[in-house]
Amino acid sequence: MATAVPATRRRDAFWNENDSFRIHEDAPSTEDTEMNEEAHQEEDDEDETAEQETESLAEEAQESEESESSEDEAASSNQVQYDMEKLQDAFPGFRQKYRLIKRIGEGTFSTVYKAQDLAYDKYDNSWDLDRDNYDRWAVPPIFGGGGLRKPTYVAIKKIYVTSSPNRILNELELLHDLRGCDSVCPLITAFRSTDQVVAILPYFRHADFRDYFRQMTIPDMAIYFRSLFSALASVHAHHILHRDIKPTNFLYDPSSRRGVLVDFGLAEREGYDSKPCLCHDDPATRKAKLKPLIKPELKKAYPKEDTRPSRRANRAGTRGFRAPEVLFKCTEQSTKIDVWSVGVILLTILSRRFPFFNSADDVEAMIEIATIFGRQRMQHAALLHGCMFETNIPSLGRSGYSFEGIILWSTSRGDSKDNLSSEEKLAIEFLSRCMELDPSKRISAKEALQHDFLRLGLDETSSVGEPSEAGDDDEMDMLKA
Ligand SMILES: Nc1ncnc2c1ncn2[C@@H]1O[C@H](COP(=O)(O)OP(=O)(O)O)[C@@H](O)[C@H]1O
Ligand SMILES: [Mg+2]
């Protein structure tokens, strides 16, 4: 029997009668300028986001090769300690509710800390799917605050004060709408003190993608993607686009084989800010509309005075994971953009290359995709959105390569398809359904769950769903603290 006290009350006053998300009632923020500016600067902002992100990935990779000097280490741990103190002081009563343990993540828009949830037993913990399991896998409680039960942990996401209030509220609202969805990280509560907002999420143990993706078998992949697609199917059923699907936003624990989707910082509702795009027309209408736009002279050179109106579309996301329609500035993007990004993760795992795409900007990203699909298919994909794709790069072939060929090449297995197992071929067939250039032909998350590839791991019940027993290395961190 778990020792959890019966659910008593919800945390704080964030849940009103109609169960819609509401943040504190402090005076309106004075950050209107930033919000307005953001509306105009969205594109540049996202570009920077992606750049910072890839840079930090590159930095981390380098870090693992050269060890940090002890002086740098000390300076950075002092800084982390300082930031943690500051955060604890920013909210009255923080120390009675949470005990910060360590920094676990630093994303583009936030820093995330692991903390012990000291007041767990005083609240409604219906978000906690493991609450009845604690006794079964509990280790003796050595450290204070846990009583007889294993301490429970939360992830505290400190959203940077430079994020626009609209964006912060959007993330919290969408998480609130998605409560109860399979494999989506629930939001426990959120606090605001002046311009600082923190979101409280259940802590999910997970491993670094780079440490496990090379060892994954095909059934392992099926289980990973089943979990990711279950999350996406629920998100998409709510008509929400995540927009930033990538390994660091899907927290996966290979030992328990459980995953959870996080980071709705760039998510948006389908249709938000959208304008009709040719890709939603039937082929005949599209052809008729395209005819006057296609000028043969444009194929030979760029016009000196380009009088065509510039096109604006949401391109939020991370470099290397953006769907072709995002690169072609489709103005009517759909949930299918997320499916493409999942395809990129699958391609990464099958090819054992991370990052698989490594472009500096959107034009390079198009070239990378065109290298796989070939010039001809890329031109068709561009026309779907009223764009023309022309290139004179000699190495860019007309028909591109097959996914089988790319995977055999990148895993150094010659060029005979006989070198691929039947399970691998099934995974590659699934990959081609996810990385379909035309979003209307791309598989949906709901359909993906019915695909034979995602059913592969279903019989393997051995360790699936069991919380990991691995010793909690954070107990050591707590000792040091
Ligand atoms: N609920 C959680 N449990 C454990 N770690 C988390 C949790 N949420 C976030 N993290 C860690 O923090 C990182 C950044 O969080 P994320 O929500 O993606 O913020 P950002 O918008 O800054 O990218 C994640 O990649 C992950 O390593
Ligand atoms: Mg993130």
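Q: Where is phenylalanine 373 in this predicted model?
A: Phenylalanine 373 belongs to helix H10, and H10 covers residues 362–384.

Q: Why is phenylalanine 373 called buried?
A: The label requires 20 or more other C-beta atoms within 10 Å. Phenylalanine 373 has 20 such atoms within that distance, and therefore it counts as buried.

Q: Which residues does phenylalanine 373 contact, apart from its neighbours within four places in sequence?
A: With those neighbours set aside, its contacts are Met378, Gly400 and Leu437. Two residues are said to be in contact if their C-beta atoms lie within 7 Å.

Q: What makes serine 416 exposed or buried?
A: Serine 416 has 9 C-beta neighbours inside 10 Å. A residue with 12 or fewer is exposed, so serine 416 is classed as exposed. Serine 416 is placed in the loop between helix H11 (403–410) and H12. Its C-alpha atom is 8.2 Å from that of glycine 405, a residue 11 places away in sequence.

Q: Why does histidine 239 count as partly exposed?
A: Its count is 14 C-beta neighbours inside 10 Å. A residue is exposed at 12 or fewer and buried at 20 or more; because 14 falls in between, histidine 239 is partly exposed. Histidine 239 sits in the loop between helix H6 (218–237) and strand E6 (240–241), and has a positive phi of about 60° although it is not a glycine.

Q: Is aspartate 263 buried or exposed, and what makes it so?
A: Aspartate 263 has 25 other C-beta atoms within 10 Å; the cut-off for buried is 20 or more, so aspartate 263 is buried. Like histidine 239, it has a positive phi without being a glycine; for aspartate 263 the value is about 65°. Its place is the loop between strand E8 (258–261) and strand E9 (268–269).

Q: Which residues of the shell around ligand 1 are the closest, and how many residues does that shell hold?
A: Ligand 1 is surrounded by 20 residues, with Gly105, Gly107, Val112, Ala155 and Asp263 the closest. Two or more residues come from each of strand E1 (98–106), strand E2 (110–117), strand E3 (153–159) and strand E5 (196–202). The shell comprises 11 nonpolar, seven polar and two charged residues. At least three residues come from each of domain 1 (74–125 + 149–203) and domain 2 (209–460).

Q: How do helix H9 and helix H12 pack?
A: Helix H9 (residues 336–351) and helix H12 (residues 422–434) pack at an angle of about 150°, and their axes are 8 Å apart. Their crossing is left-handed.

Q: Why are the residues of the contact of H9 with H12 divided as they are into nonpolar, polar and charged?
A: H9 contributes Val339, Trp340, Val342, Gly343, Leu346, Leu347 and Leu350, while H12 contributes Ala427, Ile428, Leu431 and Cys434. Gly is counted as polar, whereas Val, Trp, Leu, Ala, Ile and Cys are counted as nonpolar. The division is therefore 10 nonpolar, one polar and no charged.

Q: What is the form of the peptide bond from phenylalanine 354 to proline 355?
A: This bond is cis, with omega near -5°. Proline 355 lies in the loop between H9 and helix H10.

Terms used:
Residues numbered from 1 in each chain as written. Chains lettered and ligands numbered in written order. Predicted model: local features only at pLDDT ≥ 70, side-chain atom pairs only at ≥ 80, totals over all residues. Near = placed C-beta within 6 Å. Helix = DSSP H or I, 4+ residues; strand = E, 2+ residues; numbered from the N terminus. Domains from an automatic or database assignment. Axes fitted to C-alpha atoms, helices over the stretch in contact; angles between N-to-C directions. Left-handed = near helix turned anticlockwise from the far one by under 90°.
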